[in-house]
Amino acid sequence: MTHRWGMVIDLDRCTGCEACVVACHAENNIATVGEQEASRSRAKHWIRVERYYEGEFPDVKVKFQPVLCQQCDAAPCEPVCPTFASYHTAEGLNGQIYNRCIGTRYCANACPYNVRFFNFYNPAWDKPLDLQLNPDVSVRSVGVMEKCTFCVQRIKAAEIQAAAEKRPVKDGEIQPACVESCPTSAMVFGDLNDPESEASRLANSRRSTKLLAELGTRPKVTYLQRGSWHGGENS
Amino acid sequence: MAAKTPEQITDDLLRPLSGISGRYGLGAALLAGVTVAACCAFFYQVYAGLGVSGLRWPVFWGFYITNFVFWIGLSHAGTLISAILRLANARWRRPVTRCAEVITVFALSIGATFPIIHLGRPWLAFWLFPYPSERGIWPNIRSPLLWDFFAINTYLISSVTFLLLPIIPDMALVRDRTTGLKQKIYGLLALGWTGTPKQWHRLETAMHIMAIAVIPVAVSVHSIVSWDFAMAPVPMWHSTIFAPYFVAGAIFSGIAALILAMALLRKFLHLEEYLLPIHFENLGKLLLMMSLLWFYFVFSERLTTWYGNEAGEMPVFWATQHGSYAPLFWAMVFCNFLIPVPILAVKKLRTITGTAVASFTVVVGMWLERFLIIVPSLSHKYLTYSWGTYRPTWVEITITAGTFCGMALLYMIFSKVVPIISIWELKAGQHHARHGARIVQPAEPKEVEAD
Amino acid sequence: MPVPPAIYGLFADPESAERGMNALNRAGISPKRIVVMSAEPFDEYSFSQMDQATPMPWIAAIGGAVGGILGFLLARLTQEAYPFPLITGGMPLLAAWPTGIVTYELTMLGAVVTTIIALLLSTQLPNWKPKLYDPEVSNGKILIGVLEPSDSMRAELENRLRGAGAVKVKVMGVRP
């Protein structure tokens with residue numbers, strides 16, 4: 001049976017350390033844009049940790065929510081792309097084909113989660129940092145949209161390996177960079193078509209919610225949290 | 001107007017075509033300068049990347065799309081005035097139709113460059129065209145940008161034709177009045193027109209068909225442009241009111257642009273006896289109606305949003321009413337409604353100057369309206385952590401200025417090359433007015449011939 | 001082809017042009033050899049009544065239908081052309097609403113383009129070859145004349161045209 005990749009993020013475990021953000025940058029060849037560009041909101045954090053403060057000092061509570069591409073089943077970013085650069089793969093991922101992208105940025109506007117990023121300049125790495133680039137991931141050029149791919153290179157590698165070894169992909173074998181780096185194991189990745197996978201089981205938990213579910217995007221990232229916040233937006 | 005002979009009319013309306021004054025040359029040079037600067041800014045942007053603009057996460061559309069929607073909207077001038085007035089057989093339309101059609105063609109051409117200007121990789125813009133590519137892929141029909149492509153191209157072809165068809169007899173007229181190279185060029189453009197009844201009948205039939213065809217095309221074009229926004233789940237974009245709202249706004253800005261163009265033409269080309277106060281009066285009344293209609297649409301949309309009190313939409317709403325976009329919002333209401341309506345409603349103020357002033361404020365206000373539709377919504381989407389701002393850079397400002405100057409320049413050049421008032425239509429209108437409706441006489445001998 | 005021989009009169013107003021036309025009709029000239037040229041369409045006058053019937057609206061409608069069919073095929077076939085279905089946003093591969101929009105636009109384009117082509121073909125424009133024409137026409141005169149008049153009729157035609165009120169009568173390319 002085909003896989004259907006999904007992710008579960010336990011917000012009650014997330015400490016907001018942002019190891020996932022750093023790991024994603026390293027794994028996916030995301031350039032740092034520099035201080036000036038970052039101040040102009042041009043940073044490309046495929047996964048970001050949103051921070052919300054509740055209450056007044058000294059009774060402040062901070063809530064962390066890692067937001068990444070939700071790989072929606074009814075993704076609003078897909079039908080609006082004129083060149084099919086954003087489309088739905090057979091395994092349920094929202095694929096972004098850099099070569100097809102002509103940079104209309106309509107997908108970024110349509111995405112309610114704001115998880116799509118644009119290359120405003122050609123990314124550059126000062127030497128010798130260019131030596132650390134991941135050879136499995138293409139480097140995007142200026143004018144192209146990019147976003148979280150659920151580390152599709154790792155998914156493909158595991159599937160190819162499993163096919164070569166004539167066995168199915170094991171649950172937990174595929175770990176996107178963010179999932180792998182999380183120190184509190186707040187993130188779980190797995191096959192939602194496999195009812196035995198940890199991701200499927202956690203997605204059915206009583207604490208599960210989806211971000212902006214009311215918009216009808218059918219996201220495949222499930223958040224676990226006791227009680228809702230965000231002013232009722234994701235209850 | 002005092003009855004002018006056909007020769008006088010021809011002389012008056014062909015006079016702008018002969019020679020340019022120093023003032024014209026200076027004006028054209030300035031406009032050309034700004035237009036060239038805009039082209040340079042664009043090439044710089046292609047070279048360095050869209051980072052030179054003010055666009056950023058999450059406001060990915062800014063000045064360029066504002067200009068796109070604005071200029072496409074302005075291009076509704078020609079269609080509605082020319083086509084609807086032709087179909088309604090309104091007698092006062094005759095000096096006005098070509099001015100309007102020219103605005104359409106140039107505004108549409110300018111507007112149609114913006115989908116290319118705003119692209120991240122503009123050299124690949126041709127991928128929007130459906131052709132069998134070596135990659136085996138065709139464009140995505142589901143995308144409103146593809147609908148834009150078809151609609152704008154259809155409208156462009158239709159409006160260019162709508163402009164060029166009635167120009168043919170006037171090209172023949174100019175051909176007969178010039179010599180040398182000019183005559184050769186105009187002779188080429190006249191297509192060998194001689195004015196036989198068959199040619200006239202066919203031309204008029206074709207124009208009638210075009211007038212009927214171009215109105216639904218125009219309505220569809222701006223509806224489709226509005227759906228670039230309405231199809232996305234963005235707060236205050238995803239609204240069913242967008243298509244009628246945009247079409248009404250387009251007609252509104254188009255009529256204003258037409259009045260402005262006519263006022264300027266009247267002054268600079270000395271067309272005081274052809275572009276009469278009655279024309280400005282009538283167009284002024286239309287503008288008044290559109291201003292009220294615009295207000296009705298804005299009021300309906302805002303009331304529904306406010307009453308609905310949806311969590312996603314209210315931040316956008318308040319940002320434009322009280323927040324960071326409030327100055328622009330209230331300036332827009334001033335320019336589109338509070339200033340034009342008194343001027344246009346009071347007969348004493350509905351003079352040529354009055355309507356021109358009202359039209360100028362409307363053009364400014366409608367540009368602001370396009371901006372305020374796009375940017376506040378993108379700045380305040382559903383996740384509050386991802387709210388942002390937008391500031392244009394010199395690149396965007398230069399390109400915007402370049403479009404206005406380019407439009408004026410194109411218009412100036414056109415008015416020097418082609419009579420800006422349709423001479424044959426004006427004469428035909430005159431003789432209809434003089435002779436009234438004439439019963440068609442059969443071709444039979446009705447007098448005794450003095451042999 | 002050189003300019004055909006002709007005799008014509010230039011009339012200053014449509015009434016006298018009509019008298020000229022009637023005079024030529026009474027002289028028994030077949031309508032095929034009568035030329036009329038004017039700087040405006042004088043639709044209500046009899047001298048403009050010939051060549052009025054045209055199927056152009058029907059042609060435009062047919063052109064629109066053809067455009068619509070092409071648009072429909074474009075919208076449907078191109079989406080299926082890729083080796084595997086490119087699904088977007090949970091929408092069907094062959095989506096009705098966008099197909100409808102593209103079909104509509106190409107219908108209108110078809111109607112417009114067909115009208116232009118029909119116009120050019122039926123008026124036989126562009127035609128830059130030398131032909132019978134008088135620049136006085138664009139000064140507001142109406143030209144009513146006869147192509148290839150027989151030698152015997154020449155004088156009579158000139159008289160008739162003058163009698164009807166022609167401001168000028170010209171003879172072109174006729175053998176002396």
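Q: What percentage of the 235 residues in chain A is buried?
A: This is a predicted model, so to speak a computed picture: local features need pLDDT of at least 70, side-chain atom pairs count only at pLDDT 80 or more, and totals for chains, interfaces and linings use all residues. Residues are numbered from 1 along each chain as its sequence is written, while chains are lettered from A and ligands numbered from 1 in the order in which they are written. A residue is called buried if 20 or more other C-beta atoms, placed from the backbone, lie within 10 Å of its own. In chain A, the buried share of the 235 residues is 45%.

Q: What radius of gyration does chain A have?
A: The radius is taken over C-alpha atoms, and the globule rule is 2.2 Å times the number of residues to the power 0.38. With 235 residues, that rule puts a compact globule near 18 Å, so chain A agrees with it. The radius of gyration of chain A is 18 Å.

Q: How many residues of chain B are in contact with chain A?
A: Two residues are in contact if their C-beta atoms, placed from the backbone, lie within 7 Å. On the chain A side, 36 residues take part, and on the chain B side the number is 35.

Q: Which element gives the largest share of the side of chain A that touches chain B?
A: Helices (H or I, at least four residues) and strands (E, at least two) are DSSP runs, numbered from the N terminus. Two elements of chain A give two or more residues to this side, β6 (117-118) and α3 (106-110). The largest share is four residues, and it comes from α3(A).

Q: What is the order of the strands in the open sheet of chain C?
A: Strands of a sheet pair through backbone hydrogen bonds, either parallel or antiparallel. Here two strands count as paired if DSSP finds at least two bridges between them. Strand β3 (residues 142-147) of chain C is joined to β1(C) by six bridges and to β2(C) by four. The sheet has four strands with antiparallel pairing, in the order β2-β3-β1-β4.

Q: Which residue in β3(C) is the bridge partner of Val36(C)?
A: Strand β3(C) is mostly covered, with five of its six residues buried. For Val36(C), the partner in β3(C) is Ile144(C).

How values were computed:
A residue is buried if 20 or more other C-beta atoms lie within 10 Å of its own, exposed if 12 or fewer, and partly exposed in between; C-beta atoms are placed from the backbone.
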